Every structure is written in structure tokens, then in C-alpha cells.
Amino acid sequence: MKRLLLIGWDSADWKLIHPLLDKSYLPGVANLVEGGVSGNLTTLEPQLSPMLWTSIATGKMAYHHGVEGFTEVDPVSGQVVPVSAATRQCKTVWELLGERGLRSHVVGWFATQGERDLDGCMVSNMYGHLKNVTEDQEPEDWPPPMPGTYWPESLAEGMNEHRISSHEIHPDAVLRAFVPDAPKVDQQRDHKLGDLREKLAEAYSVQAAATYLMEKDPDWQFMAVYFRALDEIKHFFMHYHPPKMAGIPDRDFEIYKEVVTSTYRAHDMMLQRLIQLAGPETAVVLISDHGFHSDHLRPKFTPRVPAGITVWHRPQGVFAARGPGFKQDELIHGARLLDITPTILHYFGLPVGEDMEGRVLTEAFSEDRSVETIPTWEKAGETQRSRGSLSEAESKDLLDQFVALGYIDEVSDDPTEAAAETHRENKWNLARACLYGAKDEMALPLLEDCYEAYPERTDYAQQLAQCQLNLGLFEDAEATLEAVLESFGRTEGA
């Protein structure tokens, strides 16, 4: 029976990978590229990981799948919480495969917290968030993962102790592979080593969960493993990656210049182990949701708006596939994130939903098979999921991480204000997805609500004006642009 392993590296970029391949630093990726097909994988807008990885898993845009950002307002408690499996409004590829008797394991994927009834095993994106652990604590004494982290829940018995604590990232045995001069860092003033240890621990936790499942429960046909740390580490350290950026102190550049390269090499080592455990008869697909600027195009400043750090993202991500059924040593062109689920369904000989917005990458396959379709895989009421419960402290801890990375603004202590801000930013994210999907009529009321609530946000106004122009509302667009100009102020003679 066919098997496919899907591995996600958030923000992996060919511009960084190709020079490392030339130096023979990434034998795992080289295995896929030289023995399979590869090419760019174009991202969607907006470039926010929960939205993108859910589009990858469903073949649909956010206005269909319902994940509109990193957070949402819990409809019962009114509390701002991270998105979860309950947020999704359409089926994922592993659910579709399960309907046809194919068993799946899923590790680390966004919006899977609280997933239930999967035919296989699920370890949610909350697994690697190990907090409030002291250096002298043994793994059996660590606090358990958040409720809803596992399916089936019995996985906790074997997997809790496989999590990796940042304290286990040994200063010499591990950390100095990334920062050779780590002992020179004044950690009272410079906290970047702590950030690096935390993100590496998350990545190694995902790897530990994936390898545990592969070894203990090898009866699967599809497995999806998502590594987020590559993107997070880049946001902390891409400023120090060669060539040296203007304004970066020489000392800091010398200390941190190897971090990004070393992170790719570490991920490649994990990739090699996953390929080995999957076995030679398993097809392996490596993807990223977008790229990441690493050269002269690195931004000189980051906009001070929620998710302003996405200015560092590059539209072209990574696609590479090798194994039974795929061509060898060939390039593919024109692939998008929305194409991944249709391509996986076709690989397993299953029909593609006509309501999916991507296509099958038929040019990647060695066998020329016609694409079968059905109107939709969705049935009313089938995708309702119970909402995983997080404590207020657990939710706050995760939200603080999103704030620290720059993906969301600090959440207000006033519940009413926090809910309003979250609703507004999710409308803004959804509106941009609608504009990208040429659904201007759907975007217009969302943009009008955002602009009315916060007319000072020139990005709201600019997108609203563009949407109005697209719809032929020229007078409305002129009034919106006039308001933007007023916000900048008038000068003599203007």
C-alpha cells in the first residue's frame, strides 16, 4: 500500500538551501532534490502561518477553512485563545484519507489542538510548549501538556517524557554548534541564547514525537510533521546572517553569523532520520509555507503593526518530493500551497474536490493518470469539533509568545477590548485573503469595519481604497484616499 510522509519546514527558502547544498551541508534535502522533483512553492496572502498551513492541509483559502490568524475569541468564554481544531470549518487531508480507510499520524500542525476521532495519532502544535520547568526537574515531574494535545489521549503515557526542555540544550554539546562563541555572550544583557535554546527545544520535541510514533506505531499510510522553529529562529537571527547588514555591531555579527546555517543543518539531520524510519517505499514531500529574505532584500525596518514581521517573508517557498510514483531529478513550476492537498489525494488514487482551489501537480508524477474529481468532500455538520480547553494561564503564555515574535499586539487586560481587537485583526486578515482570492465583494464589508474602527491605520485605508477601485466604486475610493492624505498632513503648495 502507498505511503507518504509530508514534512513542513516553516519559511524554508531555496536561496538559503542551494548554497548549503553546494557545500554538501544538507544531504537529506540533496536526497530529495537529486532523486525526485523540486521547485518553488508560491505562498498565499496574508503570510500568517496558521492560515497558510491550514490552507496546505485543506486545499482551500481562509474564507473557506475558517482559520483567520493566530488567535480567536472563544465563543463560550469570550477569552482570546490560540486557534485550534475547533476553528477549522472544512476537512483536512488526513480526515479525507481517513474516510477512505487510510491511517494518518499528524505531529505539530497548526490548528490541531483538541483534534479528536482521527484514524491514527495526533500530537498537536502545543506539544513542544514546555514552560515552567526548572533545570533540576526530572521529565516525569514536568507539568503535563495542555488538554487536547494528544489523540488518542492514551498517548500521554508514552510521550509526555519525550518532550525536550530548553535546559537540555547543553551549552557545549549542542548550543556551541550554533554559536561557537557562546561563552562570550553576557546573558544578563543579551537574552538571544535563551531564545535559541527554547526554539531548538521545540524543534527537537517535534522530532521526538514524530520518531516515537514512527517506531511505536508504524501502521500508517500518511504522516504529516510540521517544524515551526526554523521561521522563529530566523526572525531572531537573520539580522546576523552573512552578508553583514548595515548597523549590526561587528561583535554581534561574529557571534551569531552561523545560527541560521546551523539551524538548517540541524533540520536536515532530523529530516534524514525521518526518511530512514519511513523506509525506502515511502514517498517523502518537503514543503514550506513561504520563503525568508536572507540577502540584500532584507528589510531595513519592520512596520509597527500586528504581524509586521511578515515583511521578512519571501513569496517563494520550497517543494521537493521523492519516492515511488514521483519523477526523478526534475524541476516543476507554478506550484502553490493550495496544490498540496489535491496532489496528495491524487497520489493515493482519490478524487479531488471541485471546491478545492488548488490543482494536482500532475507534472511531478512518473505515471500519467487522469485527475478524478467529485463536487465536494464536505457534508453539512460533519466538521463540528469540540473545543479544547486551555486554562487562562496556558492561553496567556502562548499569546505572550506570539506577542514576543511580533505576530500579534499585546492582548489587553480588558476582555471586551481584547475581544474587539482580535475580531478586528481577524477581519483584516480575512479581508486580505479575500482580496488575494479575487473576492472583492466579500472583502469590502470587512475592510469597511476595520477602517471605521481604526481610521488611523493607513494600511486599512489603502486596502479599502484598492478594493473600492476593483469594484468600480471610484467616488468611495477617492474619499478614502483623501482621508489617507489628510492623515499625513498637508504641505504648502501640495
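Strands are DSSP runs of E, at least two residues long, and helices are runs of H or I, at least four residues long, both numbered from the N terminus. Two strands pair if DSSP finds at least two bridges between them.

The model is predicted: local features need pLDDT of at least 70, side-chain atom pairs count only at pLDDT 80 or more, and totals for chains, interfaces and linings use all residues. Residues are numbered from 1 along each chain as its sequence is written, and side-chain values use heavy atoms, with hydrogens and water left out.

**View 1. Strand β6 and its pairing with β7.** Two bridges join the strands, which run antiparallel. V123 stands opposite Y150 in β7.

**View 2. Strand β6 and its pairing with β5.** Strand β5 spans residues 104-107 and pairs with β6 in the parallel sense. Four bridges link them. V106 faces M122 of β6.

View 3. The loop lies between β6 (120-123) and β7 (150-151). D136 has a relative accessible area of 65%, so D136 counts as exposed (buried is under 20%, exposed over 50%, partly exposed in between; 1.4 Å probe, protein chains only). D136 also belongs to a negative surface patch with E135, E138, E140, D141 and E161. Such patches take residues with over 30% relative accessible area and no salt bridge, like charges being joined within 9 Å and nonpolar side chains (Val, Leu, Ile, Met, Phe, Trp, Tyr) within 5 Å. A salt bridge is a side-chain nitrogen of Lys or Arg within 4 Å of a carboxyl oxygen of Asp or Glu.

**View 4. D252 in helix α9.** The helix covers residues 250-256. D252 is buried, at 14% relative accessible area. Its C-alpha atom is separated by 39 Å from that of H423, 171 residues apart along the chain.

Methods. Areas by Shrake-Rupley, 256 points an atom, 1.4 Å probe, with all protein chains shown as cover. Lys, Arg positive; Asp, Glu negative; His and termini not counted. Charge placed at Lys NZ, Arg CZ, Asp CG, Glu CD.
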